[in-house]
There are 2 protein chains.
Amino acid sequence: MDKQTGKTVRERLVVIGGDAAGMSAASQARRLRSADELEIVAFERGRFSSYSACGIPYWVGGDVTERDALVARTPEEHRARDIDLRMGTEVTEIDVARRRVRARDVASGDASWTSYDKLVIATGARPVRPELPGMDAAGVHGVQTLEDGQALLDTLTRTRGSRAVVVGAGYIGVEMAEALLKRGYEVTVVNRGSEPMATLDPDMGRLVHRAMTDLGITMVDDAEVTELLTDGDGRVREVVTADARYPADVVVLGIGVRPETSLAAAAGLPLGAHGGLLTDLAMRVRGHEDIWAGGDCVEVLDLVSGQERHIALGTHANKHGQVIGSNVGGDYATFPGVVGTALSKVCDLEIARTGLREKDARRVGLRFETVTVESTNSAGYYPNAAVMTVKMIAERRTGRLLGVQIVGREGAAKRVDVAAVALTARMTVEQMTALDLGYAPPFSPVWDPVLVAARKAAVKVRGT
Amino acid sequence: MDKQTGKTVRERLVVIGGDAAGMSAASQARRLRSADELEIVAFERGRFSSYSACGIPYWVGGDVTERDALVARTPEEHRARDIDLRMGTEVTEIDVARRRVRARDVASGDASWTSYDKLVIATGARPVRPELPGMDAAGVHGVQTLEDGQALLDTLTRTRGSRAVVVGAGYIGVEMAEALLKRGYEVTVVNRGSEPMATLDPDMGRLVHRAMTDLGITMVDDAEVTELLTDGDGRVREVVTADARYPADVVVLGIGVRPETSLAAAAGLPLGAHGGLLTDLAMRVRGHEDIWAGGDCVEVLDLVSGQERHIALGTHANKHGQVIGSNVGGDYATFPGVVGTALSKVCDLEIARTGLREKDARRVGLRFETVTVESTNSAGYYPNAAVMTVKMIAERRTGRLLGVQIVGREGAAKRVDVAAVALTARMTVEQMTALDLGYAPPFSPVWDPVLVAARKAAVKVRGT
């Protein structure tokens, strides 16, 4: 309300970034406040809004046949809900003092200032792309955006090659290895570390390594790419490491991502040790009453270690957007933090983790015990019962659960959710032994694998 | 230690019942105390020890081909670990005052007293078997014990009939309907209630009803069996209800079970409202220092309602046995209670529940809100994404989670474990909205169905 006229003043919310966090925030704010009360302008430099980047490997691999299936809501759909979403428009500057952003039409180059009452920064993450010779050659692809995925698919369709090299063996690397395998490629994964999935402890990563090798994927460990060689047309032909060369008709980069916070940094907004924006529990940028941030560009509180982390994951981005939109819209919500749950798969091998790895626990000063158990996803006598390996980490003395990693077949990955809830509730492994987890022969042995691990961990903690 | 001689006195542990609870207790006690310190004598009236009764439907249905696969540990294996397991021996009396039990060899009828220092009662449950004409006819089978399963399989093999009637539509009923369907029978399920799975609320039971009908199972609702008609040879031919007659070459009874506590009752041990033995948290029979009880013959504390319940489930029986064995063996363990988690399936329909149903909540004086959401087991765009229905019940005002029911396809059942842990931790639905549950497109939509339900429930609680 304007104090002098008594009329409702229409505020303007500006959103930078048209994907999960930004558009969830915009949509939730719109649900709570009508267009008469709140104008919403959103800028997205790309061609797509609100899409599932996590779905790209399954689109490239052919499980998902339509690109548009990955788009949760199109620009037109957002506009139909009174969100002024401007595609192909890049924000180049945030002027915090004068509460405005400068945006440039990517195609025309035209730029102008737009003022805001409230600002949401959802600029996402950018892939790590080492500056090496040949990195910009044709046939070298990241898979961060839908545009990236389309470009890779175009290459796969056009070149009809047979050899693919994936650089990096984290989530994106292993998922893209599966995708390229499904497309009939001979796949080589070049990995800096000794095991894939560095988000697991090495002993669990080894299980993934074995499974990938069994799938016919060539795993090149402890290898650093030094150069990409191209042919006369500027197309990539070989991936070079210190020790060897790997022929490649296509190269996919999956080396990881960093928070995209160059705009925020230039505007003097607070960044954390991992380069992400720092927010409070309401997802408001620290020290700034009317600026919110969420998604892959922020750091989140790890509830287990008590420290900030950077995790680029669609599910967090959506939650952040929901929280921001609720607060901007005049309601109330918080994002208390994460416990670090993440899932992945390579063909039928399921990979899950939550909480701290051994090295995380060590780094934050925790002493711990670890146990690893082998069990099965269903009763041992049930058809196709498959081995599941569960590693559990518990604090010494207190017995508090610190982390769980699971590698197995069907039904393995989502079992980690039990540990995610237990971590949130700060349960001890002793308490976990009594959990009333679902049992029936098709779904679990009579002692669920997580309970078996908890029992063994509890015994070990008691002995220390 | 004997105070006068200074020698270790060898105590005798007597166990009544050679299945999950009894033999888990015996095994765990043996792990902790050697045969020099503790003699263990166990009586089992049947022919099998330590077997999975929950596996019987999958054996009858042909998923499990060997009966012995259901036996976790044979009598010989128990004896090899210095447990004097006497098969075919029924305990007929417990003499608490003189610390002894009377046991009778079922074959010879010979009976004698065996004294104990410590006693474990693990007499299990007995199936409800209404006293109706024809109930004892050939071709009418319960499926409580491995002997029962064998008898049913013999009938199925011998008679080569085509029509099966299952009486009862709880876990056993629906699982046996699947088993008989797999064996090529036309299956009719006669159910007292209007929906199968009375352990769910009727609105969720309706989903199971529809799926069973779609599978070609004839569902007869609101029907009470009044009589079984037999042919000249005394074989069952028809199942009769008040309204109709159903031809049957075989009849399977799945009407439920009651705690088998006639021995305990005769001995004056304390029974609860559901007819089960009452124990303390260490699984000791209340008021009796040296008598423990566990498994299907006891009542357990429901941590959500704060009241005792009777739940016959192998996973609880195993935990009870573990706790009893630890305490008898001189270690320490407790069984704090259950939240009422149970899973089942009919072909590829998965059914799960935990916590309170609406009527349970009402009965214990709780006011609540309910929400039901439809979501999918994986990202909507992922191949074969299947609908999953999640019902959530939360207490008014406090927002505490009270119960969750899930019906869906692959990946539905074990999702209820998240709610089981949240119930144990007494979380509110508001707290649950922030849970860091595992996300990747093959395993979950970006908002896990449980989170979608929690968000909706939190909104509803706030509005009240």
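This report covers selected strand pairings and helix contacts in a predicted model.

Strand β25 of chain A spans residues 401–408. Eight of its eight residues are buried, so the strand is largely enclosed by the rest of the structure. Buried here means under 20% relative accessible area.

Two pairings involve β25(A). Strand β22 of chain A, residues 349–355, runs antiparallel to β25(A) and is joined to it by six bridges. In this pairing, A:Glu350 stands opposite A:Gly408. Strand β24 of chain A, residues 387–395, is also antiparallel to β25(A), and seven bridges link the two. Here A:Val390 has A:Ile406 as its bridge partner. β24(A) and β25(A) make a hairpin, with five residues between the strands. In the turn, A:Arg397 has a positive phi of about 65°.

## A three-stranded sheet: β4, β5, β6

In chain A, three strands form an open sheet in the order β4-β5-β6, with antiparallel pairing. β4 and β6 of chain A stand at the edges with a single partner strand each, so one side of each lacks a neighbour in the sheet. On average, neighbouring strands of this sheet are turned by 30° against each other, direction ignored.

Strand β4 of chain A covers residues 89–95, and strand β5 of chain A covers residues 100–105. Six bridges hold this antiparallel pair. A:Thr89 stands opposite A:Asp105 of β5(A). A:Ile94 has A:Val101 as its bridge partner in β5(A). Strand β6 of chain A, residues 111–115, is joined to β5(A) by five bridges and runs antiparallel to it.

## Turns of the sheet

Both pairings are hairpins. The hairpin of β4(A) and β5(A) has four residues between the strands. Within this hairpin, A:Arg99 takes a positive phi near 50°. The hairpin of β5(A) and β6(A) has five residues between the strands. In its turn, A:Gly109 has a positive phi of about 85°.

## Helix α1 against helix α8

Two packed helices are described by the angle between their axes and the distance between the axes. Helix α1 of chain A, residues 20–32, packs on helix α8 of chain A, residues 314–328, at an angle of about 35°. The axes are 7 Å apart. The crossing is right-handed.

From α1(A), the contact is made by A:Ala20, A:Ala21, A:Ser24, A:Ala25, A:Gln28, A:Ala29, A:Arg31 and A:Leu32. From α8(A), the contributing residues include A:Ala317, A:Gly321, A:Ile324, A:Gly325 and A:Val328. By class, the contact holds eight nonpolar, seven polar and one charged residues.

α10(A) passes α10(B) in a right-handed crossing.

Chain A contributes A:Asp417, A:Val418, A:Val421 and A:Ala422 to the contact. Chain B contributes B:Asp417, B:Val418, B:Val421 and B:Ala422.

Key:
Residues numbered from 1 in each chain as written. Chains lettered and ligands numbered in written order. Predicted model: local features only at pLDDT ≥ 70, side-chain atom pairs only at ≥ 80, totals over all residues. Heavy atoms only, no water. Buried < 20%, exposed > 50% of the residue type's maximum accessible area, 1.4 Å probe, protein only. Pairing = 2+ DSSP bridges. Left-handed = near helix turned anticlockwise from the far one by under 90°. Contact = heavy atoms within 4.5 Å. Axes fitted to C-alpha atoms, helices over the stretch in contact; angles between N-to-C directions. Nonpolar A, V, L, I, M, F, W, Y, C, P; charged D, E, K, R; others polar.
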